Amino acid sequence: MEVKLANDKREREMYDSFAELYAIIKTTEKLEKAYIRDVITSSAYETECQKLIAHFKTLASTLKDTIPSIERFADTYKMDCLAAINRLVTSGVPATVEHRAAAASSMTSSAAAVAECTQNFITAMDSLKLNMVAVDQVHPLLSDLSTSLGKLTFLPPDFLGKVKLKEWIARLSKMGAADELTEQQSRQLHFDLESSYNSFMAALPNYGT
């Protein structure tokens with residue numbers, strides 16, 4: 001006995017679209033798992049994923065009145081395709097594109113932090129040259145420098161600059177705001193800052209590679 005799923009052409013087209021949507025979700029799930037397991041190359045994955053996402057967006061747009069929720073559609077047909085739903089609905093771009101965007105964002109953030117550290121080093125050293133040696137003048141500069149160095153994750157905890165700054169900040173914290181560094185202290189601080197700056201600059205090429 002033949003079972004009729006559709007009563008007319010419009011209804012038949014709707015079921016065809018349902019079948020196509022089902023296929024896209026299932027195929028995307030398999031593609032995501034293949035990429036995670038390194039069965040497919042990144043370039044091949046990205047090409048196929050972009051095609052699937054494009055087809056999905058077109059189809060989902062035409063079915064938006066019939067299927068307002070893709071998640072509910074997948075649940076209704078017991079599809080168990082969480083990776084596909086994430087890629088098609090939540091993300092909307094291939095994983096490779098997400099990874100490149102994250103890397104670019106990280107590099108931009110790191111570049112800004114490096115520039116901030118460089119400026120803070122130079123400002124602190126120039127201030128000492130200008131004889132700005134009062135505690136309430138020196139302490140904020142060293143604190144800003146210490147904070148900016150802390151943003152750079154590629155610098156180890158025992159990095160020379162971090163250690164020296166911690167020692168100097170602790171020393172200044174025990175002094176009064178109006179107290180001034182002696183000439184010897186000022187020269188030593190400038191020396192420590194310059195040594196730390198040179199170590200900082202030397203660490204940058206290693207970070208880049």
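## The lining of the largest cavity

Three helices each supply at least two residues to the lining of the largest cavity: helix 5 (95-129), helix 6 (135-150) and helix 8 (183-208). The structure is a predicted model, and the cavity described here was computed from that model's atoms.

The residues that line the largest cavity are Ala124, Ser127, Leu128, Met132, Val138, Leu141, Leu142, Leu189 and Leu193. The volume of the largest cavity is about 30 Å³. The count of cavities of 30 Å³ or more comes to 1.

## Division into domains

The protein chain is divided into two parts: domain 1 covers residues 9-93, and domain 2 covers residues 105-199. Taken over C-alpha atoms, the centres of domain 1 and domain 2 are separated by 53 Å.

## Packing of helix 1 and helix 2

Two packed helices are described by the angle between their axes and by the distance between those axes. Helix 1 (residues 9-36) and helix 2 (residues 42-62) have axes that come within 10 Å and cross at roughly 155°. Because an angle over 145 degrees counts as roughly antiparallel, helix 1 is roughly antiparallel to helix 2. The crossing in which helix 1 passes helix 2 is left-handed.

## Packing of helix 6 and helix 7

Helix 6, which contributes to the lining of the largest cavity, also packs with helix 7 (residues 160-173). The angle between helix 6 and helix 7 is about 150°, and their axes lie 10 Å apart. Helix 6 and helix 7 are therefore roughly antiparallel to each other. Their crossing is left-handed.

Note on methods:
Residues are numbered from 1 along each chain as its sequence is written. This is a predicted model: local features need pLDDT of at least 70, side-chain atom pairs count only at pLDDT 80 or more; totals for chains, interfaces and linings use all residues. Side-chain values use heavy atoms; hydrogens and water are left out. On a 1 Å grid over the protein atoms alone, a cavity is a set of points where a 1.4 Å probe fits but cannot get out, and a pocket is an open set with protein on both sides within 12 Å along at least five of seven lines; lining residues have an atom within 4 Å of a point. Grid points are joined across faces, edges and corners, and a volume is the space filled by probe spheres set on the points. Helices (H or I, at least four residues) and strands (E, at least two) are DSSP runs, numbered from the N terminus. Domain bounds come from an automatic or database domain assignment. Axes are lines fitted to C-alpha atoms, for helices over the stretch in contact, and angles run from 0 to 180 degrees between N-to-C directions. Angles under 35 degrees count as roughly parallel, over 145 as roughly antiparallel, 65 to 115 as roughly perpendicular and the rest as oblique. A crossing is left-handed if the near helix is turned anticlockwise from the far one by less than a right angle, and right-handed if clockwise.
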